[in-house]
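The entries below are kept in the order in which I looked things up.

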Amino acid sequence: MANRRQGTVMNRWFWRTIIAAALVAMAVWLYSVFFPSPERLIRARLAQLAKSASFGRNESPVAILANSQRVADFFTPDVEIRVDLPGRSAAILSGREEVRERTMAVRSIVGGLQVEFLDINVAVASDKQSAVANLTLKGRVAGEKDLIVQELKFLLNKIEGDWKIKRVETVKTLSFKAWPEKYSLSSSGSPEEELDWISHTRSWLRPRTLVVDSPPRH
């Protein structure tokens with residue numbers, strides 16, 4: 001009888017412990033949902049940017065305008081995007097408005113683009129108002145068999161509760177085709193120069209094939 005009573009008490013404490021652990025786990029999960037960490041918010045924000053930057057064929061002019069503005073809204077008004085790759089002079093986009101215009105141009109001439117951000121590593125400053133995110137961009141242009149792969153570094157600032165992108169810069173690799181030097185991303189010249197920029201966008205989006213010369217034979 002004593003052993004049975006002791007077993008009943010132990011069984012009762014066991015289930016109480018299980019229920020308490022489940023309640024704690026649920027509380028932690030609910031807290032993470034309603035009060036997510038800055039790192040989680042930034043990763044979600046970057047995932048939203050990749051989704052907004054992706055598009056399929058046959059976007060209407062209205063959709064191009066709206067979606068380009070949506071992409072631009074991820075950035076601060078004074079954002080700087082710097083593409084600096086081996087063998088090319090740096091190409092720079094300055095300001096949210098230029099980001100919007102270039103996004104519209106790409107969406108108008110490219111038949112489709114799928115973008116993903118992989119391996120996102122976030123370091124948040126001690127004041128929780130700025131952060132650096134390092135990631136790998138993977139993209140595919142419609143009709144192209146090769147992938148675009150490029151490492152990027154993002155600087156973000158927290159502005160009125162939202163994480164906005166202040167700066168983007170490339171981390172130099174050999175797997176991404178650089179923007180042609182004479183067609184800078186920051187070009188804002190004559191209509192003829194603008195047409196040159198547009199006509200070369202498609203070739204810039206194609207990844208570079210690295211060619212290694214064979215050693216001379218003796």
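**Basis.** I note that this is a predicted model, in which local features need pLDDT of at least 70, side-chain atom pairs count only at pLDDT 80 or more, and totals for chains, interfaces and linings use all residues. Residues are numbered from 1 along each chain as its sequence is written, and side-chain values use heavy atoms, with hydrogens and water left out.

**Fold.** I found five helices and six strands in the chain; helices are DSSP runs of H or I with at least four residues, strands runs of E with at least two, numbered from the N terminus. Along the sequence I read the order α-α-α-β-β-α-β-β-β-β-α.

**Contacts.** I looked up contacts (heavy atoms within 4.5 Å). Of those between residues at least 6 apart in sequence, 59% join residues at least 24 apart.

**Burial.** I took buried as under 20% relative accessible area, exposed as over 50% and partly exposed as in between (1.4 Å probe, protein chains only). Buried residues account for 32% of the 218 residues in the chain.

**Helix α4.** I located α4 at residues 96-109; its 14 residues reach 20 Å from first C-alpha to last, close to the 20 Å expected, the expected span being 1.5 Å times one less than the number of residues. Among its buried residues I list E98, V99, R100 and R102.

**Residue W15.** I placed W15 in helix α1 (residues 2-34). W15 is partly exposed, with a relative accessible area of 48%.
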